[in-house]
Amino acid sequence: MNDTEIIEKAKALLGDKVLEVSNPALRRIFMKVDSKDLLKAVQVLKDDLGFAYVATISGLDGGEDFEIIYHFANAFSQLNLRTQVPKTNPHVESICAVIPGAILYERELQDMFGLVVDHIPDSRRLVLPDDWPAGNYPLRKDWKYERPPEKIPGEKS
Amino acid sequence: MAILKPLLYIFVYPGVIFLFVYSTFCEWFDRKVYARLQNRMGPTHTGRWGILQPVADFIKLLAKEDIVPERADKTLFTLLPVVGIAAVSTAMMLLPVWHYNVANSSPNSFSGDIIVLLYILTLPTLVFFLAAWSSTSFFSTIGGARVLTMLFGYEVPLFLAVLSPAIMAGSWRLAEIAAFYQHKPLLLLPNIIGFVVSVICLQAKLERTPFDIPHAETEIVGGTFTEYSGKKLALFRLMTDVEMVAGSGLIAAVFLGGFPGGVILGFVNFVVKTLLIIFLLTLIRALTSRIRIDQVISFSWKYLAPLAVLQLLITIVLKGFVR
Amino acid sequence: MKFTVPIGPQHPALKEPISLRMTLEGEVIRDADIRLGYNHRGLEKLAEEKTWLQNIYVTERICGICSHSHATCYTQGVEKLMEIEPPKRGIYLRFLVAELERVHSHLLWLGVAGHEAGFDTFFMYTWRDREVVMDILEMVSGNRVHYAINTLGGVRRDIDDLQKKKILDSLDFLRRRSEFYFKIGANEPSFVARIAGVGRLSKEDALALCAVGPTARASDISQDVRKDDPYGMYAEVPFEVATATSCDVLGRVVVRVKELMQSYNIIEFLLKNLPDGPVAVRAPRRAKPNEVVSRYEAPRGENIHYIKSNGTDKPERLKVRAPTLANYPATVVMLRNGFIADIPLIFAAIDPCICCAERAVVLVDGRSGEEKIVLMSELRKQAHERWKKAPLKKDAVWPF
């Protein structure tokens, strides 16, 4: 199964849910769906096209909205499923119901971008400390780290 | 003169001084052989060939901070290392080294001393278990449970294996058993199975690889000794060394014909024979990996115990021919 | 009686900080939970502020053992973004170091597995022979750990015929030793008793939980980026994907030793067919706005970097996924219903390389036995109060 066949099959199965699709390099497919069609698209990719392995989930701060890219792979190709959610209402559906192995990446996404992943089985923090101030999402472009002034005990002021 | 001899026995040889010096030497020997088998140098720095390293370690531990956990049973926690070291040192006193007379029994050599010795050598295990429980850490508790579980595995084969030469010799006294085999050295050969079984059981008793399960560092941190530090840990380490010497002394007395030849030659005999057994223990330690607690039990009851019973059968049948 | 045992963040079996909380019933594990974040360094944010070239050295420092993997994964992605093609000799040398790194990583892992199983002799011997690979790597790149041989458009150093000969000679020695270790690892009774049947991960679970690398391959999934998605010159190199069907720690040992053999063959092929020519081309400073997904088979499994450029000399976004993270969900399944004695082995069998984050300390109250997780800030506050109360040292000037 090569790239064109995968794209043809995906288009046939998902119909007009596929917003755009491109194939910039050999074994690299980029596909875009609406965020409400995400779970359906993942289900189809897994059941009919054999993309059962999600390598990771990348978040992207695109200014107005967040872009979320699900990187899938199987033995023939590598497919990147892209979706967009507005920054004002950052909700995305969890894909753990279809692919349980995605849990850690979704938790990381919540930590780093402040996205809300709905129906996630385990919504604890993954990488940030428990006393991390709420509302700080490090990978958003407008977030800047300010190092607190260093204080040495006993230092002469 | 009559008083001097027992005093020498208790304090010099094979008493406290010799015991502690020799047990640190044995630890060095064990470590050096283990290291060479692993293509390492082992201790090299302290003393000639690093021979003083165990002593240095002991002194270093004595100088370290001594911490008692708040929730621990403090009396028990403090007392146990002393009880342990007292028990193993007493075991050493019962070995037929030089101050005994085969004809007459004395306080350190009497009929049934082999049973007493085996019993005293069980005490360290109980000390380990109590030490683990009294320190109340998770890891210690698991370690303590493992100590007791393992005890049920190796104790019965050890008893069976060590007692069969005694049956052959027809005596429950170590001195008489040793004298019997010195008289008929060929009869040592049928005991070879018992010798192998008892060396493996001694390895388990000393909690060394493959039986170092109660203090497996990669699983349960320090296991039994997690909460021990400073002087108490030093005493525990010394206790393990002394137990190693006493245990290999017991096996040498029973299976290798004891230590004949008076004070000097007996001493040479003692050192050579115990070092041989310690070398075997080190070999086992270097060549195996740690097994699981359930595997220890099944190994003991599937292989060690039947072998020990087989040894007992061989002994009983042979005894009919010999007499 | 059920009770919870914390393994880590500081524990003799773990060389890096991670917290495993085990719910135990006697000696049997009923449930496991993994907490990460003790080692998070905010690298993805940092990468957005560094230039393309600087980022090679940042990504190299993601991991100490597979440093070359991350750097190569990043470099080949950026080369695609910049639309440059490294010369063939450069590619061959780059992946020569990659395969040498795989050999050193797998030998290291074999030793660690031996140590976790209490088989220290095995550990000492494998690590002694690992020094041979480390020496080769030092000879080729000049460094033992962070090789820093990658650059945009090729590699930084060339090798000569004498070095080539030396590597080929050492390969014979390594092959012999690896065969010996294979014999020991698969035959030493006490070692096999410890690893056979331990940490079972069925093929279905491995697929569902997205396991990667030797963990997946030991569960009979023939998944190897070098075969599935050949990068560099792997399309022209003959090699086989090592798999095992036993789905346990023994299978993972077998897979890794088989991979060692394959790596020796690949190294030999690369050296014998090393083309002539330059080792690097000049790379531009900027990359056109584009995005690329770069995949790489690290010793532990698949590395994936997603790189997006925005036309400047800095990346817009660099997403790094290390293989260990992908194996954590599978580890929880492997640990369930195992023995305590198997924790270090199962955990070591995924070859964990902890590079992700969070800061917490577990304190057990001495009197009540109550266990709580204390935040770093809270702990700092407590320490500060205690320091204030301390009567003698109060007026002391720091540092003393």
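Predicted model: local features only at pLDDT ≥ 70, side-chain atom pairs only at ≥ 80, totals over all residues.

Chain C touches chain A through 44 residues of chain C and 45 residues of chain A, while the contact of chain B with chain C takes 27 residues from chain B and 36 residues from chain C.

**Chain C with chain A**

- About 3,700 Å² is buried between chain C and chain A, and carbon and sulfur atoms account for 54% of that area.
- Five salt bridges are found across the interface of chain C and chain A; in one between Arg28(A) and Asp229(C), the closest N and O atoms are 2.8 Å apart.
- There are also 17 residue pairs in polar contact between chain C and chain A, counting pairs in which both residues are at pLDDT 80 or more.
- The elements of chain C that each supply at least two residues to the side touching chain A include strand E3 (28-35), strand E6 (290-298), strand E7 (301-309) and strand E8 (315-321), and among the helices helix H12 (323-335) and helix H14 (376-389).
- Sorted by class, the side of chain C that touches chain A consists of 22 nonpolar, five polar and 17 charged residues.

**Chain B with chain C**

- Between them, chain B and chain C bury about 2,700 Å², with 56% of it on carbon and sulfur atoms.
- Within chain B, the residues that lose the most area to chain C are Phe138(B), Thr218(B) and Arg292(B), which together make up 23% of what that side buries.
- One salt bridge is counted between chain B and chain C, and Arg292(B) takes part in a salt bridge with Asp342(C), at 3.5 Å from N to O.
- Polar contacts across the interface of chain B and chain C come to 10 residue pairs, with both residues at pLDDT 80 or more.
- Helix H2 (16-37), helix H6 (138-169), helix H9 (217-220), helix H11 (262-287) and helix H12 (293-322) of chain B are the elements that give two or more residues to the side touching chain C.
- By class, that side of chain B holds 11 nonpolar, seven polar and nine charged residues.

**Ser294(C), a buried residue**

- Ser294(C) belongs to strand E6 of chain C, and this residue counts as buried because its relative accessible area is 2%, under the 20% cut-off.
- A polar atom of the Ser294(C) side chain lies 2.7 Å from the backbone oxygen of Cys73(C), and the side chain of Ser294(C) also makes a polar contact, at 3.5 Å, with the side chain of Gln76(C).
- Leaving out residues up to four places away in sequence, Ser294(C) touches Arg28(A) in chain A, as well as Cys73(C), Gln76(C), Gly77(C), Asn303(C), Ile304(C) and His305(C).

**Nonpolar cores**

- In soluble globular proteins, nonpolar side chains tend to be buried together.
- The largest nonpolar core has 141 residues, and among these Phe72(A) and Leu81(A) touch the most other members.
- Helix H4 (residues 88-116) of chain C gives the largest share of this core, 13 residues.
- Apart from neighbours within four places in sequence, the residues in contact with Leu81(A) include Met31(A), Val33(A), Leu38(A), Leu45(A), Ile68(A), Tyr70(A) and Phe72(A).
- Another core lies apart from the largest one and has 83 residues, including Leu118(B), Met239(B), Leu281(B) and Ile293(B).

Definitions and conventions: Residues numbered from 1 in each chain as written. Chains lettered and ligands numbered in written order. Heavy atoms only, no water. Contact = heavy atoms within 4.5 Å. Buried area = accessible area lost by both parts, 1.4 Å probe. Salt bridge = Lys/Arg side-chain N within 4 Å of Asp/Glu carboxyl O. Polar contact = N/O pair within 3.5 Å; in protein donor to acceptor, adjacent residues only side chain to side chain. Helix = DSSP H or I, 4+ residues; strand = E, 2+ residues; numbered from the N terminus. Nonpolar A, V, L, I, M, F, W, Y, C, P; charged D, E, K, R; others polar. Buried < 20%, exposed > 50% of the residue type's maximum accessible area, 1.4 Å probe, protein only. Core = buried A, V, L, I, M, F, W, Y, C linked by side-chain atoms within 4.5 Å.
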